[in-house]
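Here's a quick briefing for anyone meeting this structure for the first time. Take a look at the model, then read on.

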Amino acid sequence: MITAKKVEFIKSAAEFKDLPKLSGEEYAVLGRSNVGKSTFFNHVLTSGTLARVSKKPGKTTLANFYKLNEELFWVDLPGYGYAKACTSEKERWGKLICDYCTKRDNLTGIIWLLDIRHPGVNADMEAFHWLNELNLPVMPVLTKGDKLSRPMQKKHSSQFRKIFGFNSDPVIYSSLEHASRERFWTGFQIWRQGIRGREIV
């Protein structure tokens, strides 16, 4: 799969009990609030309307399920680390993310979005330690690549790799260039094949 040729919205869920019963590979898209998750979603899936884009963080408050190419599912999870949300909402988001990532049987891997401008911020460090405990395959993607020059992109990418111990350079993503989409899908396909190979072994 080089791109998502067909994307179908399935359902939104506020709590684990509301999640749809689906079979097949499921990949969660996770990232800090204001990481550009909605912009990434709309661009990488070649749609301007799938996810609501806002200048204010914390707009994704549900787990949103999408079916791609009739063969796998992506789940857009709420962003973490949004300090201005009321306590009850933060607790619900946190529980939804935790329950989904720890209890969802067909969760295959996590696409982890990180703002390329800010290597190693506290919220991402906390998420990193938690993701390690989950022991799930993680594909890192550095968003907002257009905010930095090429030399700075390379520098920050190296910092991310050192901080988090990534085995290879993360995909650098910019919603302003088609090449980013192609790089992502190439990397996703390789990553997905690696997961399948590990499961067979």
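Contact here means heavy atoms within 4.5 Å, and buried means under 20% relative accessible area, exposed over 50%, with partly exposed in between (1.4 Å probe, protein chains only). Helices (H or I, at least four residues) and strands (E, at least two) are DSSP runs, numbered from the N terminus.

Keep in mind that this is a predicted model, where local features need pLDDT of at least 70 and side-chain atom pairs count only at pLDDT 80 or more, while totals for chains, interfaces and linings use all residues. Residues are numbered from 1 along each chain as its sequence is written, and side-chain values use heavy atoms, with hydrogens and water left out.

More on H4:

- The buried residues in H4 are Gln153, His156, Ser157, Phe160 and Phe164.
- Looking down the axis of H4, you'd find its buried residues within an arc of 105°, so they line one face of the helix; the arc is that of the directions from the helix axis to the C-beta atoms.
- H4 covers residues 150–164, and its 15 residues should span 21 Å at 1.5 Å a residue, which agrees with end C-alpha atoms 21 Å apart. The expected span is 1.5 Å times one less than the number of residues.
- Just after H4 comes Gly165, with a positive phi of about 70°.

**The whole chain**

- The protein chain has five helices and seven strands, in the order β-β-α-β-β-α-β-α-β-α-β-α along the sequence.
- It has 201 residues, and 47% of them count as buried.
- Among contacts with a separation of 6 or more, 76% are between residues 24 or more positions apart.
- The accessible surface of the chain is about 10,400 Å², and carbon and sulfur atoms make up 51% of that. Accessible areas come from the Shrake-Rupley method with a 1.4 Å probe; for residues, only the protein chains shown count as cover.

- Strand S4 (residues 72–76) is mostly covered, with five of its five residues buried.
- In a regular strand the side chains alternate between the two faces of the sheet.
- In S4, Leu72, Trp74 and Asp76 are buried on one side, and Phe73 and Val75 are buried on the other.
- Strand S2 (residues 25–31) pairs with S4 in the parallel sense over five bridges; two strands pair if DSSP finds at least two bridges between them. Glu26 stands opposite Phe73 in S4.
- Strand S3 (residues 63–68) runs antiparallel to S4, joined by five bridges, and Asn64 has Asp76 as its bridge partner.
- S3 and S4 make a hairpin with three residues between them, and Asn69 in the turn has a positive phi of about 50°.

- Lys37 sits in helix H1 (residues 37–44) and is buried, with a relative accessible area of 7%.
- Asp76, in strand S4, is buried too, at 1% relative accessibility.
- The side chains of Lys37 and Asp76 make a polar contact (2.6 Å). A polar contact is a pair of N or O atoms within 3.5 Å; within protein, one must be able to donate a hydrogen and the other to accept it, and residues adjacent in sequence count only if both atoms are side-chain atoms.
- The Lys37 side chain also reaches the backbone oxygen of Leu77, at 2.5 Å.
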